[in-house]
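Please look at the sequence and the structure before reading on.

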Amino acid sequence: MAAPSTVYIAAATNRHPQAAAISRNSLAVIGSTNLVALWDISNETDRGIHETLPGHEDDFVCEQTIPLGGRYPLALALTHLPGSKALILAISGTDSKIHIWTRSDNLFVHASLLAGHEDWVKTLDFQNPSTKGQPLLLASGSQDATIRLWNIEPWSSSTSQKNQSDNLSDELLDAFEASFSDVGEAEEGGKQISLKRHILTIKGDQGILQQYSITFDALLVGHEAGVTSLAWKPQSIHSEPTLLSTSTDSSVILWSPSTVVASTKEGSTSIWINRHRFGDIGGQRLGGFVGGAWARNGEEALAWGWAGSWRRWKCITPAKITHEEVWLEVGAISGHNGPVKGLDWSPAGTYLLSAGLDQTTRVHAAMSDSRKGDLEWHELSRPQIHGYDLLDVAFIDPVRFVSIADEKVARVFGAPRNFIDISEELGVAKFTESEHQRPLAANVPPLGLSNKAVENS
């Protein structure tokens, strides 16, 4: 007797910026309801999610409780300070500030407070220095639609005395920032820029005290709504630092520094610019993007949306070849973002229809891979996006189905000609000549619950 095997898993990602992580080997670990799903992005066949794992049941021991002043935490980031074994922990929350904690012994101690954002800070990410002498970078993204970059580097009293004649004292800077804040509050859209240097003191090796400074480096403005996640591109020797950001404005932006000539002692400076922008144009669509990440050593950028489905962009021409990267959107994974209540096969058994409490019906099918001759399962269509939770679904014939929801009617839907053409092109099914006589497409009118046919123009 043949043993059963898993052919296809459709699962949505939880609606949380930290609900997914991708390893250096491009293995994506995804939180889906109360399970952990595995997606091997490095696999050339890319069959999507191939396994799900149950949650752990063992208890952990709480070693320290960190007070946050009565505010709710929203994000945290942890790494080592440059040239040290000491840890630095950044925590942000509902007070629009970033709390910095350090640990050189057994416990974390509060070290500094970074201000500047005007709304909740919802995401943080550290970028470790790739070479000696470079600073540690902290990126913070806020609901105020801005991203701030902070430099963290070693600091000594000799450096302070050397730059004393060139820099203002912290007291004067505080007074300047206070006056600037008063002006900004009177004008719409004022962004506060802090020049203050925050000094951290830790216990280094053999009990010797070490100091580090945190300074504001750059303000990135480009999103039209709140920033939901940040992710630094994996480092390489020849690549410049690149930051991926996602937002509820349905966009993904890749930021990197651009060197420009300036009248400074160094002769040049760096300005962070928007290199590439992906996603949808036209504002906040279905909640926008919730989180983002890198895969394949920075050759692919990924993001998942409010409904739990992923989108994926691949760099097909690296910048080192043409001086300008070219990105192409490729297939990704998707699935219901809630319990599935109804399933039904098409009359010929060539594709599967599902309905769930996420208020959608979806068509899943096995498509032929021309490169390997195998069949791969994917979500083919989403024929119904409803205003009520869907409870069940059944096929009437190959091009029509009926569904029920938490309302007092049942609705019958027919496939448009676009679905029939795509299904035949992908080798999913064959349709009769009469079944081809269908409306061209369908759309949902504003405030409507039923799709309306779009005839030939």
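The questions below go from the whole chain to its sheets, its cavity and its pocket.

Visitor: How is the model to be read, and how many helices and strands does the chain have?
Guide: This is a predicted model, in which local features need pLDDT of at least 70 and side-chain atom pairs count only at pLDDT 80 or more, while totals for chains, interfaces and linings use all residues. Residues are numbered from 1 along each chain as its sequence is written, and side-chain values use heavy atoms, with hydrogens and water left out. Helices (H or I, at least four residues) and strands (E, at least two) are DSSP runs numbered from the N terminus. On that basis, the chain has four helices and 30 strands.

Visitor: What percentage of the residues in the chain is buried?
Guide: A residue is buried under 20% relative accessible area, exposed over 50% and partly exposed in between, with a 1.4 Å probe and protein chains only. The chain has 457 residues, and the buried share of them is 41%.

Visitor: Which residue stands opposite Ile100 in β8?
Guide: Strands β7 (residues 98–103) and β8 (residues 109–114) run antiparallel and are joined by five bridges; two strands pair if DSSP finds at least two bridges between them. They form a hairpin, with five residues between the two strands. Opposite Ile100 in this arrangement is Ser112.

Visitor: How many bridges pair β11 with β13?
Guide: Trp155 stands opposite Gln211 in β13. The pairing of β11 (residues 146–155) with β13 (residues 209–221) is antiparallel, and its bridges number 10.

Visitor: Is strand β14 largely enclosed or left open by the rest of the structure?
Guide: Strand β14 pairs with β15 (residues 243–247) in the antiparallel sense over five bridges, and Leu230 stands opposite Ser245 in β15. Six of the six residues of β14 (residues 227–232) are buried, so this strand is largely enclosed.

Visitor: Which residue in β25 stands opposite Ser368?
Guide: Strand β24 (residues 360–368) runs antiparallel to β25, and eight bridges join the two. Opposite Ser368 is Leu375.

Visitor: How much space lies in the largest cavity?
Guide: On a 1 Å grid over the protein atoms alone, a cavity is a set of points where a 1.4 Å probe fits but cannot get out, and lining residues have an atom within 4 Å of a point. The search of the whole structure finds one cavity of 30 Å³ or more, and strand β6 (residues 87–93) gives the largest share of its lining, three residues. Volume is the space filled by probe spheres set on the points, which are joined across faces, edges and corners. For the largest cavity that space is about 40 Å³.

Visitor: Which strand gives the largest share of the lining of the largest pocket?
Guide: A pocket is an open set of points with protein on both sides within 12 Å along at least five of seven lines, and the largest one holds about 1500 Å³ of space. Of its 48 lining residues, the closest to its centre are Trp310, Val330, Gly331, Ala332 and Ile333. Strands that each supply at least two lining residues include β19 (300–305), β20 (310–317) and β21 (326–330). The largest share, eight residues, comes from β25.
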